[in-house]
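Morning, everyone. Please have the sequence and the structure open. I'll walk through a few spots, one at a time.

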Amino acid sequence: MDKTLLQWLLPILNIRLMLRKMGFSDDRIAEMYRTETPLRGTAKAYSGLYKREFTEEDSEIRIIKDEKKRPLLTINGLPITDWCEQKWKQLINRNRSQRL
C-alpha cells in the first residue's frame, strides 16, 4: 500500500471510530470531512496517556485538514490531544480546589 495513502487513511479511520462512538453517522462524518463544517454535540474521547475518558456536552466538533492535508479532529478548536490535556488539567485543578 502506498505510504501517502496510509498517512491519510489511518487518521481518518481513527477519527471515524471516535465520532461513531460519539453517535455521529457515517453520512454526517463524511459531510464533516468534506465541508469542515463544525457540529455541536457531546464530545467523548478516551486518552491512553491519562487512562480515562473525557466528556463535554455542547461542544463544537470539527474535522479539519492540517498543513499536510491530513485529517485532524478538533473539539472546541483544539486538536483532540490538546483537548484531553485541557480536560485533565481542569480535573486536577477541580480536585485541588475541593481539598482546600
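**Loops, rings and a core**

Let's start with Lys-69, which counts as exposed because its relative accessibility is 58%. The cut-offs: buried is under 20% relative accessible area, exposed is over 50%, and partly exposed is in between, with a 1.4 Å probe and protein chains only. Two notes on method. This is a predicted model, where local features need pLDDT of at least 70, side-chain atom pairs count only at pLDDT 80 or more, and totals for chains, interfaces and linings use all residues. Residues are numbered from 1 along each chain as its sequence is written, and side-chain values use heavy atoms, leaving out hydrogens and water.

Back to Lys-69. It sits in the loop between strand 2 and strand 3. Helices here are DSSP runs of H or I with at least four residues, strands are runs of E with at least two, and numbering goes from the N terminus. Lys-69 is not a glycine, yet its phi is positive, about 70°.

Asn-76 is not a glycine either, and has a positive phi of about 50°. Look for Asn-76 in the loop between strand 3 and strand 4 (78–79). Asn-76 is partly exposed, at 35% relative accessible area.

Now the rings. How many aromatic pairs does the structure hold? Two. Rings of Phe, Tyr and Trp (its six-membered ring) pair if their centres lie within 6.5 Å; planes under 30 degrees apart are stacked, over 60 edge-to-face, and the rest tilted. Tyr-50 and Phe-54 are edge-to-face, because their ring centres are 6.1 Å apart and their planes meet at 75°. Both Tyr-50 and Phe-54 are buried.

Tyr-50 and Trp-88 are stacked, because their centres are 4.9 Å apart and their planes are at 15°. Tyr-50 lies in the loop between strand 1 and strand 2, and Trp-88 in helix 3, so this pair ties together parts 38 residues apart in sequence. Trp-88 is partly exposed, at 26%. Together, ring pairs link Tyr-50, Phe-54 and Trp-88 into a cluster.

Last stop, the core. A nonpolar core is a set of buried Ala, Val, Leu, Ile, Met, Phe, Trp, Tyr and Cys residues joined through side-chain atoms within 4.5 Å. The largest one has 20 residues, and Leu-19, Phe-24, Ile-61, Ile-63 and Leu-73 touch the most other members. Among the elements that each supply at least two residues are helix 1 (3–21), strand 2 (52–65) and helix 3 (80–99).
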